[in-house]
Amino acid sequence: MRQQIAPIPCRPWTLNGLSERLIVSHYENNYGGAVRSLNAIRDDLRALDLATAPGYLVRCLKREELNAMGSVALHELYFGNLGGDGKLTAGMASALEDQFGSVDDWRREFVAAASAMRGGSGWVLLNYSRRDRRLSNVVGFDHTQSGVDAAPVLALDMYEHAYAIDFGANATAYVDAFMRISTGAWSASASPKRLVRSRTLHQPIRCLRFRLKNSQQNWRATIACRCSTPARSTTTRAAPT
Ligand SMILES: [Fe+2]
């Protein structure tokens, strides 16, 4: 089955601190690119004669498949977390307090990990270990380093493409903006365990679809929303690079 581009679960024009242009570029070019890469890699694997293919080629394709799978999953989590009001349920706050001492202590460590990624690339994740039933902040230097038994409940994309359009090299300002609006899905859950279970069951997310039509010089993004907000269309603009 081919990987499909998931509907974007946030409303890009409503995010305070991250521009619609940045979010749409990130969603289309980087998340969309990961989906397209994953499908291309799997096409190559299917076309391969595994009985005669050299080991290095199989290893390379399987490594790239895992990398693309991680990129797809983490980007979907990233966009799904945008749009919160910063408030935590009692269950989520209690889980953070149990593990980190306080919500502020968790936040300090998460932000420090993100700051340490400045100038580099990768992910900062708040993970829930299914085995240990514990939360932890981790950094991943590519899309595959999430932890063997871990389910990420919060993902911060520290690749430059996630912020350069709005912030240039000022990653600190990007992290500040992310922390203000990143508690959409996970903070509304009763507990980390319940959040992980709900995501495993693939509960439907809000209906919001992008249709992007590329031309040589311009692109037009038509955003159709079938939930609470009316459909709208953006204006034609210069193509993102
Ligand atoms: Fe990204």
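**Exercises: a helix pair and a nonpolar core**

In this predicted model, Ala155 touches Leu74, Leu77, Tyr78, Asn81, Trp123 and Leu125, leaving aside its neighbours within four places in sequence.

**Exercise 1.** Find the largest nonpolar core and state which elements supply it.

*Solution.* Start with the count: the largest nonpolar core has 46 residues. Next, take the residues with the most contacts inside this core: Ala114, Trp123, Val124, Ala155, Leu156 and Met158. Then list the elements that each supply at least two residues: helix 1 (20–47), helix 2 (55–81), helix 3, helix 4 (103–115), strand 1 (123–129), strand 3 (150–157) and helix 6 (171–181). Finally, pick the top contributor: helix 1 gives the most, with eight residues.

**Exercise 2.** Describe how helix 3 and helix 4 are arranged, and what kinds of residues form their contact.

*Solution.* Take the axes: they come within 8 Å and cross at roughly 70 degrees. Roughly perpendicular covers 65 to 115 degrees, so helix 3 is roughly perpendicular to helix 4. Now name the residues. Helix 3 brings Ala93, Leu96, Glu97 and Phe100, and helix 4 brings Val103, Asp105, Trp106 and Glu109. Sort them by type: five are nonpolar, none polar and three charged.

Definitions and conventions
Residues numbered from 1 in each chain as written. Predicted model: local features only at pLDDT ≥ 70, side-chain atom pairs only at ≥ 80, totals over all residues. Core = buried A, V, L, I, M, F, W, Y, C linked by C-beta atoms within 7 Å. Buried ≥ 20, exposed ≤ 12 C-beta atoms within 10 Å, placed from the backbone. Helix = DSSP H or I, 4+ residues; strand = E, 2+ residues; numbered from the N terminus. Contact = placed C-beta atoms within 7 Å. Axes fitted to C-alpha atoms, helices over the stretch in contact; angles between N-to-C directions. Parallel < 35°, antiparallel > 145°, perpendicular 65-115°, else oblique. Nonpolar A, V, L, I, M, F, W, Y, C, P; charged D, E, K, R; others polar.
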